[in-house]
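Okay, everyone, thanks for coming.

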Amino acid sequence: MEKTIAAIATPNAAGGIGIVRISGNDAVSVAERVFRAAGGTKLASLPGYSCLFGTVYNGNEPVDQAVALLFRAPRSYTGEDVVELQCHGGLFLMQEILRLVLAAGATAAGPGEFTKRAFLNGKLDLSEAESVMNLISAHGEQAANAAYHTLEGTLSKEIRSIADGLIAASARMAAWADYPDEIYEEELNYDTLLPEFEEARQRLQTLVSRFDAGQIISEGITTAIVGKPNVGKSTLMNRLLQRNRSIVTSVAGTTRDVIEETARIGNVVLRLSDTAGLHESSDTVEAIGIQMAREKLTHSDLILAVFDGSEALSPSDFSLLEEVRDACNAGRKKAVGIINKADLGNQVSESSIAPFVSAVITLSANDPGCYDKMKQLLENLLGTAEFDSSAAVLANERQLLCCQKAIDALSEAIFALSSGLTMDAVNVSVEGAISPLLELTGEQVSDTVIEEVFATFCVGK
């Protein structure tokens, strides 16, 4: 990390203020080659947490007025010397100032390189670093709160607490193996170790059980609205969006393409796809739309299957229900059977649809009140209704996999202990549980994992 890096730290759009961030041992000297304070004061003479007003120059030509903020190592975001040049936020202007900074000796920062340096310098652990991007990309209050609490160390503290308990037990077992006569039996036996292992496993299982709801709140869920032509799919989508987006007519087959939008329903963000009606068609264009609808059904994580409740279910309706059931069985999906057009009378019972889906609801998409009904159903179905954003939450698949590995290893340890195996054999499994927990927080992690984590970040963060 000897090189000094720089990047634009504000979005790639015009704004009132733009920031060029510089970090590294030469951050101050690089900044001084392009920035001059109005009163002649040198940045190098200042302590950390200081700022100067001045001008950015290209040689002797002024480019823009700026404020230079100085943060001294180790009390900075990266743990290194950091200078932030705050200028006017024009796109061309920011690119020009970054070009001058790079010409003055800095190297262009890669994706997430500032946060990566914060991790490597001990300012954040790996789970806290990953929460930075979740905080940036949060779609709503719950997602932002969950990311903030993870950044504050909620998950790290829970994982560290579990790991510390296992490390202490492992140390006792290792000591017994080396000095069996000096370790008291009451300190190391089935009755003392088994509850410790079971408690650790249960705490990890609680984290895993909250993962799906946390992902839905932080990232949203891909959602396909499917059904025969003219059952009210587009009307439902417009109701969920609370605005008119899909064209609605009494003519079957109005929707011939996939229309995609994002809707917030309470705590749930739905990445909606309104699809063409599923039926047999000789129309080439319509057939393409129907094929796309079937692909959305297969690949979406939530399926809203809509049926016309004013008519009895047809063979094609049951065929769709079977497709929905098979799609749910093939992956980690949820499906809602929606019996629509309740205002026209109901010829379809919820019990006839229930065996094929996760939940059933009867409503009229023309009724504004159906929004609240869908909100309540989806929050309960997806586990977001009682979601506690201040509790420890797993942020991504990497963290989930680490917890699952630890749970599997603890299950092996519990089985070995219950089977009467020797303590050194049990300890092998316990050590197998400790390792992924330390990987989760970054205390024991490979360079490859580190590179993969920060490759998903935006440049400038």
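First, a term: buried means under 20% relative accessible area, exposed over 50%, and partly exposed in between, with a 1.4 Å probe and protein chains only. By that rule tyrosine 49 is exposed, at a relative accessible area of 54%.

Some housekeeping: this is a predicted model, so local features need pLDDT of at least 70 and side-chain atom pairs count only at pLDDT 80 or more, while totals for chains, interfaces and linings use all residues. Numbering runs from 1 along each chain as its sequence is written, and side-chain values use heavy atoms, leaving out hydrogens and water.

Now the rings. Rings of Phe, Tyr and Trp (its six-membered ring) pair if their centres lie within 6.5 Å; planes under 30 degrees apart are stacked, over 60 edge-to-face, the rest tilted. The whole structure has 4 such aromatic pairs. Tyrosine 49 and phenylalanine 71 have ring centres 5.7 Å apart and planes at 85°, so that pair is edge-to-face. Phenylalanine 454 and phenylalanine 457 sit with centres 5.2 Å apart and planes at 45°, so they're tilted. Both phenylalanine 454 and phenylalanine 457 are buried, and ring pairs link Phe119, Phe454 and Phe457 into a cluster.

On to the helix. Helices (H or I, at least four residues) and strands (E, at least two) are DSSP runs, numbered from the N terminus. In α1, residues 27–34, the buried ones are Ala27, Val28, Val30, Ala31 and Val34. They cover an arc of only 165° around the axis, so they're on the same side of α1; the arc is taken from the directions from helix axis to C-beta atoms.
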